[in-house]
Amino acid sequence: MKIKNICCIGAGYVGGPTMAVIAQKCPGIKVTVVDLNEARIAAWNDKDVNNIPIYEPGLNEIVGNVRGKNLFFSTDVDKAIDEADLIFISVNTPTKTYGTGKGMAADLKHIELCARQIAKVAKNNKVIVEKSTLPVRTAEALKSILDNTGNGVQFQILSNPEFLAEGTAVEDLLSPDRVLIGGETTPEGQEAIKSLVEVYANWVPRERILTTNVWSSELSKLVANAFLAQRVSSINAISELCEKTEANVSEVARAIGMDSRIGPKFLKASVGFGGSCFQKDILNLVYISKAFGLNEVADYWEQVIIMNDHQKRRFSKNIVQTLYNTVSGKKITFLGWAFKKDTNDTRESAAIYVADDLINEQAKIALFDPKVSQTQVLSDLDYLATRKPAENEKHITSYDNPYDACKNAHAIAILTEWDEFREYDWQRIYDGMLKPAFVFDGRNLLDGEKLKAIGFNFHSIGS
Ligand code: NAD
Ligand code: UGA
C-alpha cells in the first residue's frame with residue numbers, strides 16, 4: 001500500500017517536528033497533526049511562524065515552508081483519523097501519578113483513548129503506528145482494543161519509536177542514526193512495515209532503516225534511553241570521586257572516551273540529567289522488570305535514577321555549604337532553567353529540584369533563561385507541591401536580562417548550558433555582585449581560569 005494521507009495524534013515535541021520533516025520530505029503525502037489542546041494547535045497555526053509552541057533550531061523554517069501546503073494542524077481529530085491511511089500515535093505517556101504503579105509505571109490512558117477513538121471512527125483498513133515511547137507489549141493491548149470495538153476493519157500495528165533529542169530535533173530527524181520499525185511477522189504485518197519504510201526512504205538511506213518484530217522495537221526504545229542515561233549517571237558518579245581526589249572529570253572523560261569501545265559522546269558531567277523521558281523510561285523499565293519478578297534487573301537500572309537524584313541534591317548542598325552554611329535571604333542567580341540548551345522544554349529539569357532545595361533554605365532566587373517564561377518556572381515549582389504557590393512566587397523572580405538578574409547576587413548557578421552564557425561580560429557581572437562572588441557551574445560551561453582571574457570564587461562539577 002502506498003501511503004498518501006498521514007494523521008498524527010499529538011502535536012507535541014515529537015509529533016510536531018517529526019510530521020513537519022515528513023511533510024517536507026514527502027511532498028506527495030498530506031500530513032495532518034491533531035491535538036485536543038486548542039491553544040497548542042492555535043500556536044502551531046499562528047501567522048507568525050516564530051510563535052509556534054516548540055522552540056527547536058530550524059523548525060520554524062520547515063513549518064513555514066510546508067504549513068498549508070501538505071502539513072496541517074487541527075483539533076478535528078475524527079476527520080483526520082477518517083481520512084488517513086496511516087496514523088501515528090504520538091501522545092504523552094508520563095509516569096503514573098495514581099493507583100497501581102504510581103511513580104513508576106507508564107500512564108497509558110492517552111494511548112488507550114486514541115485507540116478507542118480510532119476504532120470508533122475508522123471506516124477502512126489502517127496502519128497504526130506507535131510513535132510514543134511505550135512499555136514492551138503495548139501493541140498487544142492496542143490490538144485487542146482495535147479488533148474488538150472496531151467496525152470490522154483491519155488494523156496493522158507498527159512500533160516506530162522516535163530517537164530525536166530536543167534541541168537537535170530537526171538535525172536528528174533529517175539524518176537519523178537509524179529508523180526503527182517493528183511489525184508482525186505475518187504477510188500483512190510485513191506489508192505494513194514496507195509501507196512505512198517507503199515513507200522514510202524518501203530521505204533516509206535504506207541501510208539505516210532497521211526492521212524487527214514489534215516487541216524488540218518497543219523494548220529497544222526503553223533500552224536506548226536507559227543506556228544513554230546510564231552513561232550520564234556513570235560519569236556523574238565519577239565526578240564526585242574526582243572532587244575528592246584532585247582528578248578532573250573532563251580529563252577523565254576525554255581519556256576514557258578515546259577508547260573506541262567506550263566512545264566520547266554523552267560523557268559530560270552535569271548537575272544531573274533532566275527531560276521528559278530518561279527518568280520516566282527507566283522507571284518504566286524498572287517497573288516492567290519487577291512485574292516479571294526480576295528484582296536484580298530492576299535494582300540495577302533503578303540505581304541510574306538514584307545516582308541522578310543524588311547529583312542534583314549534592315549540587316544544592318554544595319551551594320549552601322560553600323555560602324557559609326546559610327543562604328537564607330541571599331540572592332542566588334540561576335542562569336538557565338530548561339533541561340538542556342536550545343529548547344524551551346523544562347520537564348524534569350535539574351534546575352527545578354535545585355531551586356526547590358534552595359527555597360527550602362529560604363534563598364531568594366533570581367533567574368534568567370533565554371527561552372523560559374516566569375509562568376513556566378512557577379508552574380514547574382508548583383507541580384512539586386512542596387509549598388503553596390504564593391510562597392514559590394515570593395522566592396523566585398525571572399528577569400529578561402542576565403545583568404539585572406546577577407546584580408547584587410551572592411552567587412550564580414549555571415543550570416543550563418546555553419552558549420550565550422559563555423559570551424557574557426563576566427567582569428561587568430562580577431563588578432555588580434556582592435563579594436566574595438561565587439559561581440557554581442553545574443554544566444562545566446565557563447572558563448574557570450578566566451573567572452578566577454577576575455576574582456570569582458569558582459566551583460565546577462568534578463574538579
Ligand atoms: P507532549 O506532551 O509534548 O505532546 C503530547 C501531545 O499529545 C499533547 O499536546 C497532548 O495534548 C496530546 N494528546 C494527549 N492525548 C491526546 C488525545 N487523546 N487526542 C489528541 N491529542 C492528545 O509529549 P512529547 O514530548 O511529544 O512526547 C510524546 C511521546 O514521545 C512520549 O511517549 C515520549 O516518551 C516520546 N518521546 C519524546 C521525545 C522528546 O524528546 N520529547 C523523544 C522521543 C520520544
Ligand atoms: C533523550 C535521548 O537522547 C533521545 O535519543 C530520546 O529520543 C529522548 O531522550 C526521548 O526519548 O525523549 P533528550 O532528553 O531530548 O533526548 O535530550 P538529551 O540530549 O538526551 O539530554 C538529556 C539530559 O541529559 C539533559 O538534561 C542533558 O543535559 C543531560 N546530559 C546529556 C548530560 O548531563 N551529560 C551528557 O553528556 C549528555
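1. Glutamine 362 is exposed, having 12 other C-beta atoms within 10 Å; by the criterion used here, a residue is buried if 20 or more other C-beta atoms lie within 10 Å of its own, exposed if 12 or fewer, and partly exposed in between, with C-beta atoms placed from the backbone. Its phi is near 65°, a positive value in a residue other than glycine, and glutamine 362 lies in the loop between helix 13 (350–360) and strand 10 (364–368). Helices (H or I, at least four residues) and strands (E, at least two) are DSSP runs, numbered from the N terminus.

2. On provenance, this is a predicted model, in which local features need pLDDT of at least 70 and side-chain atom pairs count only at pLDDT 80 or more, while totals for chains, interfaces and linings use all residues. Residues are numbered from 1 along each chain as its sequence is written, and chains are lettered from A and ligands numbered from 1 in the order in which they are written.

3. Two further backbone details deserve a look. Tyrosine 324, although it is not a glycine, has a positive phi of about 60°; this residue lies in the loop between helix 12 (295–322) and strand 9 (331–335) and counts as exposed, with 9 C-beta neighbours inside 10 Å. The peptide bond from lysine 435 to proline 436 is cis, with omega near -5°, and proline 436 is found in the loop between helix 18 (426–432) and strand 13.

4. Phenylalanine 438 has asparagine 457 in strand 14 as its bridge partner. Between the two strands the chain passes through helix 19 (residues 448–454), and this β-α-β crossover is right-handed, in the sense that, with the strands pointing away from the viewer, the path from the first strand over the helix to the second runs clockwise.

5. Strand 7 (residues 179–183) is mostly covered, with 5 of its 5 residues buried. On one side these are Val179, Ile181 and Gly183, and on the other Leu180 and Gly182, so that both faces are covered. Strand 7 runs parallel to strand 8 (residues 209–213), to which 5 bridges join it, and isoleucine 181 stands opposite threonine 211 in strand 8. The chain crosses from strand 7 to strand 8 through helix 8 (residues 187–200), and this β-α-β crossover is likewise right-handed.

6. For the overall fold, the protein chain has 19 helices and 14 strands. Its radius of gyration, taken over C-alpha atoms, is 24 Å, close to the 23 Å that the globule rule (2.2 Å times the number of residues to the power 0.38) gives for 463 residues, so the chain is as compact as a globular protein of that length. Buried residues make up 46% of the 463 residues.

Key:
Pairing = 2+ DSSP bridges.
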